[in-house]
Amino acid sequence: MAQQEQVKIKDLFDLKETLAKDYLEGFTYPWEALGGIHDLILAIGRTLPADKYNQIGEDVWIAKSATVFDSAYIHGACIIGENTEVRHCAFIRGDALVGDGCVIGNSCELKNVIIFNHCEVPHYNYVGDSILGFHAHMGAGSITSNIKADRKNIVVKGTEKYETGRRKIGAILGDWAEIGCNAVLNPGTIVGQHSQIYPTTCVRGIIPSWTIVTDKGVQKAKREE
């Protein structure tokens with residue numbers, strides 16, 4: 001498969017791998033979905049089967065098969081999927097839809113996110129105003145920077161410029177995206193499916209699918225498996 005720039009929801013995600021499937025199908029671009037995550041979680045939460053999920057406090061639903069460490073903090077609205085692990089001192093600030101088989105690791109912070117099934121955010125990560133696809137992985141210390149220093153609205157830049165109308169956008173990671181340790185994803189970064197960002201790299205714009213971005217900022221094609 002040749003490289004292609006991926007920026008639309010249909011090009012980035014397997015929507016069967018999230019409870020947000022029907023919701024996301026109503027949008028073209030992923031940043032358009034960020035404003036409604038709170039209400040989405042409330043709507044889904046009320047429909048979750050009682051034999052599989054417990055409602056813990058106000059607007060928080062946790063799968064009975066999930067493992068949540070006592071030291072983790074979870075604020076609503078939030079759904080934690082089946083067989084997901086929320087580790088020591090994780091800080092879920094709210095509006096987090098976390099899928100099945102995920103890892104939310106020690107000292108990670110989540111805010112206003114959709115995290116697809118089998119996604120891993122395992123060590124010291126900040127993920128805000130972002131969507132992370134199926135089997136996406138963030139290495140230790142990698143973060144999504146979600147607001148510009150000048151506080152202006154974010155423009156997603158690739159072969160075209162996309163005016164988002166939003167002041168806060170973190171990163172959009174396509175399915176199987178791999179983010180190296182201590183990488184910084186600047187506001188509005190979109191990483192295509194199966195792409196890889198080297199450790200300590202500072203990235204912005206749209207990274208095509210099947211692309212490697214080195215720590216020198218060089219992009220090269222990744223061999224398809």
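**View 1. Strand 15 (residues 155-157) gives the largest pocket three of its lining residues, the largest share.** Strands here are DSSP runs (E, at least two residues), numbered from the N terminus. This is a predicted model, in which local features need pLDDT of at least 70 and side-chain atom pairs count only at pLDDT 80 or more, while totals for chains, interfaces and linings use all residues. Residues are numbered from 1 along each chain as its sequence is written, and side-chain values use heavy atoms, without hydrogens or water.

**View 2. Take a look around the largest pocket, which holds about 220 Å³ of space.** A pocket is an open set of points on a 1 Å grid over the protein atoms alone, where a 1.4 Å probe fits, with protein on both sides within 12 Å along at least five of seven lines; lining residues have an atom within 4 Å of a point. Among the lining residues are Lys-148, Ile-154, Asn-186 and Arg-204. By class, the lining has four nonpolar, four polar and three charged residues.

**View 3. Here Lys-16 and Asp-14 form a salt bridge, with their closest N and O atoms 3.1 Å apart.** A salt bridge puts a side-chain nitrogen of Lys or Arg within 4 Å of a carboxyl oxygen of Asp or Glu. Lys-16 is exposed at 62% relative accessibility, whereas Asp-14 is partly exposed at 23% (buried is under 20%, exposed over 50%, partly exposed in between; 1.4 Å probe, protein chains only).

**View 4. Glu-109 and Arg-93 meet through their side chains in a salt bridge of 2.9 Å, N to O.** This pair links distant parts of the chain, 16 residues apart: Glu-109 lies in strand 10 (residues 109-115), and Arg-93 in the loop between strand 7 (91-92) and strand 8 (96-98).

How values were computed
Points joined across faces, edges and corners; volume = space filled by probe spheres on them. Helix = DSSP H or I, 4+ residues; strand = E, 2+ residues; numbered from the N terminus. Nonpolar A, V, L, I, M, F, W, Y, C, P; charged D, E, K, R; others polar.
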